[in-house]
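Please look over the sequence and the model before reading on.

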Amino acid sequence: MKDPAEGRLSFTEMFDLPVAVDLRTAARALGIGSTTAYRLIREHEFPCPVLRIGRRYRIPTNELMRALGIEDRPLYSVDPEEDTDDPSVGF
C-alpha cells in the first residue's frame with residue numbers, strides 16, 4: 001500500500017494552486033488517500049467545505065489552506081527550505 005504522505009504537495013505547489021481544486025489534489029495536500037477523502041465526504045467529516053458541482057467535488061483552495069493551518073499567502077512562492085543560495089538560511 002502506498003503511503004499518502006509520499007505524494008504530498010510541496011510548499012511551492014500549495015501556493016500555486018487555482019481558486020478551487022479537485023478532490024484528489026485536496027486529499028494529496030492533506031496527506032490522505034482519495035478513498036479516505038470520499039469516505040470523509042460521505043460521513044460529512046471532510047476537514048473543510050466541499051462543493052459538489054454535478055458529479056464532481058471541488059474544494060476552495062482558501063478553505064483547504066485554512067484546514068492546513070495556513071491563513072495567508074506568503075509574499076514569495078519559493079520554498080525557503082530549498083533556497084541554498086542565501087548563507088543566512090539555517091541560522
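Buried means under 20% relative accessible area, exposed means over 50%, and partly exposed lies in between. Ile-70 has a relative accessible area of 25%, so this residue is partly exposed. The model is a predicted one.

**Ile-70**
- Ile-70 is placed in the segment after α4.
- Leaving aside neighbours within four places in sequence, Ile-70 is in contact with Phe-15 and Met-65.
- Between the C-alpha atoms of Ile-70 and Met-14 there is a separation of 10.0 Å, while along the chain the two are 56 residues apart.

**Nonpolar core**
- In soluble globular proteins, nonpolar side chains tend to be buried together.
- Here the largest nonpolar core has 19 residues.
- Met-14, Leu-23, Phe-46, Ile-59 and Leu-64 are the residues with the most contacts inside this core.
- Two or more residues of the core come from each of α1 (11-15), α2 (23-30), α3 (34-42), β3 (56-60) and α4.
- Of these elements, α2 gives the largest share, 5 residues.
- Which residues does Leu-23 touch, not counting those up to four places away in sequence? They are Ala-37, Tyr-38, Ile-41, Phe-46, Tyr-57 and Ile-59.
- Two of those partners, Phe-46 and Ile-59, are also listed among the residues with the most contacts inside the core.

**Salt bridges**
- Side chains of opposite charge can pair when their charged atoms come close.
- How many salt bridges does the structure hold? The number is 2.
- One of them joins the side chains of Glu-43 and Arg-39, with an N to O distance of 3.2 Å.
- Glu-43 counts as partly exposed because its relative accessibility is 42%.
- Arg-39 has 33% relative accessibility and therefore also counts as partly exposed.
- Another salt bridge is formed by the side chains of Arg-66 and Glu-63, at 3.4 Å from N to O.
- Arg-66 and Glu-63 both belong to helix α4 (residues 61-67), where they sit 3 residues apart, about one turn of the helix.
- With a relative accessible area of 41%, Arg-66 is partly exposed.

Definitions and conventions: Residues numbered from 1 in each chain as written. Predicted model: local features only at pLDDT ≥ 70, side-chain atom pairs only at ≥ 80, totals over all residues. Heavy atoms only, no water. Salt bridge = Lys/Arg side-chain N within 4 Å of Asp/Glu carboxyl O. Buried < 20%, exposed > 50% of the residue type's maximum accessible area, 1.4 Å probe, protein only. Helix = DSSP H or I, 4+ residues; strand = E, 2+ residues; numbered from the N terminus. Contact = heavy atoms within 4.5 Å. Core = buried A, V, L, I, M, F, W, Y, C linked by side-chain atoms within 4.5 Å.
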